[in-house]
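I opened this notebook page to record what I looked up, in the order I looked it up. The sequence and the structure come first.

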Amino acid sequence: MTSTASSFIPALVLLAPALLWLGGLMPSGSANARPLRMARLNEAAAWLTFTIGVIAAVAHLFDASKAWRLYSVPLPGGIGAFSIGTYVTSLTVIMLLLVSFVGVIVSRYARNYLDGDPNQGRFYKWFTLTLASILTLIVSGNLLMFSMAWIATSLCLHQLLMFYQERPAAVLAAHKKFIASRIGDACLLLAIFLIGSTLHTLEFSEIFERMAAMDGAMPLSLQAASLLVVLSAALKSAQFPFHGWLIQVMEAPTPVSALLHAGIVNAGAFLVIRMSPIMSHSGAALAALAVIGLVTLTLASLVMLTQTSIKVSLAWSTTAQMGFMLLECGLGAYSLAMLHLVAHSLYKAHAFLASGSGADAFRAPVVRYDSKGPKSGGLLFALIVAGGMTAAIGTAFGVTWQQQPTLIAAGAIVAIAISQIMLQTADILYQPAPMLRAIGLSALVCAAYFLLHQMFERILNDSVLPLRDTASAAQDILVPLTIAVFVGLLLMQQFVKAARSSLRDTLYLHLYNGLYIDVYITRLLQRVWPAPHQPAKTPGARS
Amino acid sequence: MNMSETILAKESAALLDRRIDAACTRIAPLWPLKHFVAVNPFFGLRDHSFQDASDILARVVGTSLYMPRAYFREQFACGRIKREDIEQALERCGSQLDAAAVEHALATEAPQPKMGMASVSEVLDRVEGGIWTAFVTERISLHCAAYFDLGQAVVGMPWRSLSLYASWRKAAAIDRSPAMMGLGDFRAAVARLPAEPRAAIARALEELGVPDAAVERYLHAALLSIGGWAAWARYLSWQAELNGQRDDSIVDLLAIRVMWDVLLFREKSDAALVARWREMLAASMRPPSAKRQAAAEIDRILLNAMEIGFQRGVIAGLGNPAMAAPAARPAVQAAFCIDVRSEVFRRSLETVAPSAQTIGFAGFFGIFIEHVPIGASAGRSHVPVIFRPAYRIHDRVTGLDAETVIEQRRRRVGFSKVWKGFKLSAASCFSFVETAGLTYGPKLLTDSLGWSRPVPDPNSQGIAGRDLNRIGPSLEAVATAQCGTHDAASGIPEADRAGQAERILRAMAMTGNFARLVLLAGHGSTTVNNPHSTALDCGACAGQTGEASARVVAALMNDPVTRRGLRERGIAIPEDTWFLAGLHDTTTDEVRLYDTDDVPDTLSLDMAQLRQWLEQAGDLSRMERSALLGLAHLPDHGVEANVRQRSRDWSQVRPEWALANNAAFIAAPRARTSGMDLGGRSFLHEYVWQADDGFKILELIMTAPMVVANWINMQYYGSVVDNSRFGSGNKVLHNIVGGAIGVLEGNGGDLRVGLPMQSLHDGKRWVHEPLRLSVFIEAPQAAMDEIIDRHDLVRQLVENDWLHLFCIGDDGNTYRRVGRANWQPTGGPASRGAGRNGQ
């Protein structure tokens, strides 16, 4: 397996996290004494990992070598071996590029942002280690190594979430996350045990080969493993009802939020995509993913509409987007999920880092428009136009709707979205020229969607195992269900926005309060693991 | 109920009303982020002496108005407080102690702060060890955020048309969270509460058994426990009063807070809570102990000693003025805002251009305008927040295509709204991410490198770059079709112009000897991704930049109608004099000039000269500021590059130090101070009392700029002394709430007021030295006494020790105002010349 000629890239890829692991060895005390040097070191290391990512990406175009092992030790009980090694596919390369890029940006940002904080050095230490563990997770070629990186990510992140450990709310949120993560870890480890004892290997490449060759129904143990993977991913991705911690970690500095929302929270979706060889065999697991995703995205996106603070609103948005990503996985649309993962990471990293600009929009001149309000016929008309446009553009991109039911759902979601562009333009700028522009914009959005989908489909070809026929039975229900949920979401949104009824008022308040799940969890947690209560003191002389 | 009982009930209701209003006026307002202006957080306590206010706060919230002992100890150790400062302070405070006793006390710790007037939730926390106070604050804060939201939420709260209290009762009747926390009966109990907030408060006081003498303190404490939102509600009532209306949200908020106390008290009514509550009430009735009073005396002496140390240098400098004979005709006159940041730049400009004359005046240049930007539907006030604008000024576009520019802006802003809707609506946000999310990759990089702005610049949004230079405020009335509003009364009518101009010029002491070029430089800052960016702009322009005001006044002064009228009023501006508007960028120390195309060709040499001077002065100012920014090791161009980079850096939490370290306000002719290096610590107002007929201008200075300076000074003071209550905490945790209302720190909690730590502290030490403002005015003592007598507000500030007032005599000697109308010489010749700053 380790032919020297083709082991260059996999070995190089392993170097990326290794560099960071070394950088993170600095003790906190000496790191704090030289914050600027830590910042420079960290940024340089991040740039280096990004460069490695670029080299790997270029090389990957010419060299399809995949797995490489540096060190391996067999495990007892015939569950395969633990090995340190890498598994390089397009998925690996994309994730490596993405996370190291976000790492670079966040590292640069924190240099001035945390300037003067007595613990800036410590921040960089744990930031480096967190980045190292998430990169290890991305490149690892062995499930057990993957799971160790998975646990390490969460433990290192815990240090960042506890950056201001004198803040009780920060401690509370970190505790919440800690518990959710440990349950997730347990699920993952159990899943790995089941996989190992069934397939007798923990190497991703071998799992892929064996599962690709498997015909007929999957053994029960792997079915169970796939469900455990779903649970683990849902916990990592802050899915309902375990979303509370994600909403509350604004108690850490903004760069931590950016890294978390752009680089870590999507590890759940990454896990599912990585495990596609097994997931694609399990209709039940995929259906569970889709349902968890649907429920979460519906609730979280409606809650998001009501939120009044910028960071909390962004956090609910992340929960919803993660739900959507898992839904796409559940529909077997791994490439769309991957597109979503990358695009969302970049968008959300920017949104968090730029969250201080929120007031700028209110400093701009007030321009009032005579809004005519939504007309009942308008919505239907816009939906028909958008639907037609989507069908036409999709067909132009070579989509065969009958054979790709998943894309019918995806297309319907896009159609609903672009109908919003046209409707809102009609509402405030009702003139031919802006309307034409809105239609043009909608067509552009639609075309971009199908183009990007095709691109990611082609790129991910080597990384995922497509949905198996044995597992596709549930899709016949999931596709119409998804479309129904999105139409419902559209109507619900109109309802909470504009309706005048006591039902609407009640619904509004429950949504604004985040549907209370978290209040209950907080109270429970406060009993079993209370945050140290400290009365607010003057932060005073911090020197 | 018989007759006498009814009368009694009415009387007690009236008394309670007065007490409620008194507690509410104790709270200082909070301006929104879109035009954040400095506020004295102790404005509501100004009717008490500084020491009494400190005692009141200590009894209400447990913290006094003084820095911790450790801070003073450090100042003494490093020589900032000297023994002679302490000796003078002892005399000033009329203390019986001696310096040795103070120094001894300095080495010991002050007594621990008391608990203050706790709420039921706080007492409950102590009994149960729960998180009730945090929970109550969170519930109220969330409700207020939704009720007052300026546009963050896509779906707003349905009960915003009701009063705050009524909306809370509606929401609380639905809210399940108290039940989740174990308050099972909460929703039913809310339904039974009085419908009227004042009645609710009365009920609360009765049920909680608050003794008569503690009522005001209890109400004050209740408001301070949700102090951020109370400040916001106070802002709303402030704005309403300015417009002759009334807003009682703050009373509603008070009612909500005490209702929470009542409901907790009822639900949790166990013996331990009741006992602890009564104990707390009894403790709160006791006046400060002798030990505490003694400690307060030491604190008072130490604060005064620090202030004396600062004042000594200023007094010495004022006694030895440069007093150079004014040049025949200055090469250029440049008027800047009184802001302490202008002092540095003016000194630099005078250094590079000794023939130039600089003038200090409030940055709105005395014109009371509301400015309506091009294409906008509403205007923005550009006057100090204690006034209302008198004129509405619209933008004009030079060239013939004004309509196109306006339509284009409307359309572009409209499309950005549509795009935002696409991005944020529940059904389309997922497709937004998949189609447009990738574009944020390059944007992350360019924003990170400072090549692009994270969001569009609010001032130029929707306007093509090439059109920007053609747009500016106009003195003329603008046709309504063009401005999108339906108000025809815009511009400054010709009949008013000469009168306005005369008033402004006399207030600036500019009635003759005009230079060929007169620069009116407002100021503004350039920062990105900074929630508190408007805090760095001009306070006299209500948190906007000084651009519009400077341009309007320059246009007014250049207007032929104005000039004719001025001649009739005895102010002859020479034919060849031109007024030029500019903007001093306080972040980069560059001065941008406006409407330069209109400057007559005959002045082109003067213009070139001015530009060169401004550039050199900018260099000097940046060099001076570089030490504080930690750039002292860089060469000139390195400093300039770094400062520019700061102004574009989205991760910069200290783009500039703004008004940190402000400590003095001097109203005198510039010749009095032109030889002094005031280190960017002093507000400078031009004032020549000999030219002030009837002391009208003095009255204006003491009632407006001096008060504004006091507000700024006290905002810094409060933010340093008690950042958790009067400051806004850690900037890296700031979370903008309600669109542009303010910031939360972290997830939630109360709305935060005041300044963030990063604006006060560099990580190692306090950059702002918390001193009360020292005001020096060159004017006859009797004139000042008379003004102080006439204006309650000024009298309170002066006589209650919220600032120090000094008179500068014609001979340069200074006299400190002590007690009522008593002026004492400060030191005399002995101290003169000893501490001339930086010469």
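**Conventions.** I worked from a predicted model, in which local features need pLDDT of at least 70 and side-chain atom pairs count only at pLDDT 80 or more, while totals for chains, interfaces and linings use all residues. Residues are numbered from 1 along each chain as its sequence is written, chains are lettered from A and ligands numbered from 1 in the order in which they are written, and side-chain values use heavy atoms, with hydrogens and water left out.

**Entry 1, the interface.** I looked up the contact (heavy atoms within 4.5 Å). Chain A puts 113 residues into it and chain B 112 residues. The buried area (accessible area, 1.4 Å probe, that two parts lose on being put together, summed over both) is about 9,700 Å² between chain A and chain B, with 63% from carbon and sulfur atoms. I noted that His350(A), Phe362(A) and Arg363(A) provide 8% of what chain A buries against chain B, more than any other three residues.

Which side chains meet in a salt bridge with a 3.0 Å N to O distance? Asp360(A) and Arg453(B) do. A salt bridge here is a side-chain nitrogen of Lys or Arg within 4 Å of a carboxyl oxygen of Asp or Glu. I found three salt bridges between chain A and chain B. I also found 48 residue pairs in polar contact across this interface, both residues at pLDDT 80 or more. A polar contact is a pair of N or O atoms within 3.5 Å; within protein, one must be able to donate a hydrogen and the other to accept it, and residues adjacent in sequence count only if both atoms are side-chain atoms. On the side of chain A that touches chain B, helix 16 (residues 334-353) of chain A gives the largest share, 11 residues. Helices (H or I, at least four residues) and strands (E, at least two) are DSSP runs, numbered from the N terminus.

**Entry 3, Asp360(A) again.** Asp360(A) also forms a salt bridge with Arg363(A), with the closest N and O atoms 3.4 Å apart. Both residues lie in helix 17 (residues 360-363) of chain A, three residues apart, about one turn of the helix.

In chain B I traced an open sheet of six strands in the order 11-10-15-16-17-18, with mixed pairing. Two strands pair if DSSP finds at least two bridges between them. Strand 11 (682-686) and strand 18 (822-825) of chain B are the edges, each pairing on one side only. Strand 16 (residues 803-808) and strand 17 (residues 814-818) of chain B run antiparallel and are joined by three bridges. Phe806(B) has Arg816(B), in strand 17 of chain B, as its bridge partner.

Strand 3 (residues 369-372) and strand 5 (residues 391-397) of chain B run parallel, joined by four bridges. In strand 5 of chain B, Ile393(B) is the bridge partner of His371(B).

The peptide bond from Phe240(A) to Pro241(A) is cis, with omega near 0 degrees. Pro241(A) sits in the loop between helix 9 (220-236) and helix 10 (244-248) of chain A. Leu515(A) is not a glycine, yet has a positive phi of about 60 degrees. I placed Leu515(A) in the loop between helix 22 (502-512) and helix 23 (517-528) of chain A.
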